[in-house]
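Q: I have a structure open here and I'm new to this. Could you go through some of it with me?

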Amino acid sequence: MSDNLKNVAAEIVEILEKRYPDAPCALEYNGEPWKLLVMARLSAQCTDARVNIVCRELFAKYPTPEALAAGELSEIEKIVYPCGLYRVKSSEIKEECRLLTEEYNGILPDEMDELLKFPGVGRKVANLLLGDIYKKPAVVTDTHCIRISGRLGLVPAGEKNPVKVEKILSGIIEKEKQSDFCHRLVMFGRDVCRAKNPLCDECPLVSLCKMRENQKM
């Protein structure tokens, strides 16, 4: 990666840090790793806000991974229904909890290869877990990350492959800042850099934005 791109990335990181001093995960898992594992699976094609609401009921009924693993699938499905794809998601979170309790003694693994063994866990979710739980370098390539990184020119325009975006950003964002940077992109994507009708006139990154630059040509 060019030093210039790394410098631009560092400037973007600094600006977002000032705008969002705190960088909490949008999923309200209260510091319990197994809950983030479950919530991350439920968040696929569903808003974080809805997952937070649904999981209040889910975790009230099943307060431990052992309880969820032993839960009746039909009862889990009723609760998870608002998240969409409820049959697949219910089956997978139940199996996740079984695997966690029976194979890992309730301790979420801290290695990518081990996390990928859990049903429904791909690199995006695994990176979320590694970054949030274990504070390891991790780039979570969700829709906000991919869209905004492309607009800013951190990745090639039109690049939608999550693994490629992850690899590029991992090479230009300081390791200790990667996880929080991705959380900040989520907040920034909701506040300003929206998928439709982005608020460019209010954007603190407008001078660095390749999309804006291209529109002026």
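Q: How many of the 10 residues of helix α2 are buried?
A: In this predicted model, nine of the 10 residues of helix α2, which runs over residues 33–42, are buried, so the helix is largely enclosed by the rest of the structure. The buried ones are Trp34, Lys35, Leu36, Leu37, Val38, Met39, Ala40, Arg41 and Leu42.

Q: And what covers the buried residues of α2?
A: The cover includes α3, α4 (65–70), α5, α6 and α8 (123–134).

Q: Let's take α8 then. Which residues does Leu128 touch, leaving out those up to four places away in sequence?
A: Leu128, which is found in helix α8, touches Cys25, Leu27, Leu36, Ala40, Ile133, Val140 and His183 once those neighbours are set aside. Two residues in that list, Leu36 and Ala40, are also among the buried residues of α2.

Q: Is Leu128 itself buried or exposed?
A: Leu128 is buried, because its relative accessible area is 11%, and buried means under 20%.

Q: What separates the C-alpha atoms of Leu128 and Val140?
A: Those two C-alpha atoms are separated by 5.8 Å, although the residues are 12 apart along the chain.

Q: Back to α3 and α5, how do their axes cross?
A: The axes of helix α3 (residues 48–61) and helix α5 (residues 73–80) come within 9 Å and cross at roughly 155°. The two helices are therefore roughly antiparallel to each other, since angles over 145 degrees count that way.

Q: Which residues make that contact?
A: On the α3 side they are Val54, Glu57, Leu58 and Lys61, and on the α5 side they are Glu75, Ile76, Ile79 and Val80. Sorted by class, the contact has five nonpolar, no polar and three charged residues.

Q: Where is Ser90, and what does it touch?
A: Ser90 is found in helix α6, residues 86–103, and, not counting residues up to four places away in sequence, Ser90 touches Leu73, Ile76, Glu77 and Val80. Of these, Ile76 and Val80 also take part in the contact of α5 with α3.

Q: What does the side chain of Ser90 reach?
A: The Ser90 side chain reaches the backbone oxygen of Tyr86 at 2.6 Å. Ser90 also counts as buried, because its relative accessibility is 0%.

Q: What about the other serine I clicked on, Ser170, which helix is it in?
A: Ser170 lies in helix α10, residues 162–172, and its side chain reaches the backbone oxygen of Glu166 at 2.7 Å. With a relative accessibility of 28%, Ser170 counts as partly exposed.

Q: Which residues is Ser170 in contact with, leaving aside neighbours within four places in sequence?
A: With those neighbours left aside, Ser170 is in contact with Val139 and Gln178. As for Ala69, its C-alpha atom is separated from that of Ser170 by 35 Å, and the two residues are 101 apart along the chain.

Q: Changing topic, how many disulfides does a search of the whole structure find?
A: The search finds zero disulfides. Cys46 is in none, and the nearest cysteine sulfur, that of Cys83, is 4.2 Å away, whereas a disulfide needs two cysteine sulfur atoms within 2.5 Å.

Conventions: Residues numbered from 1 in each chain as written. Predicted model: local features only at pLDDT ≥ 70, side-chain atom pairs only at ≥ 80, totals over all residues. Heavy atoms only, no water. Axes fitted to C-alpha atoms, helices over the stretch in contact; angles between N-to-C directions. Helix = DSSP H or I, 4+ residues; strand = E, 2+ residues; numbered from the N terminus. Parallel < 35°, antiparallel > 145°, perpendicular 65-115°, else oblique. Contact = heavy atoms within 4.5 Å. Nonpolar A, V, L, I, M, F, W, Y, C, P; charged D, E, K, R; others polar. Buried < 20%, exposed > 50% of the residue type's maximum accessible area, 1.4 Å probe, protein only. Polar contact = N/O pair within 3.5 Å; in protein donor to acceptor, adjacent residues only side chain to side chain.
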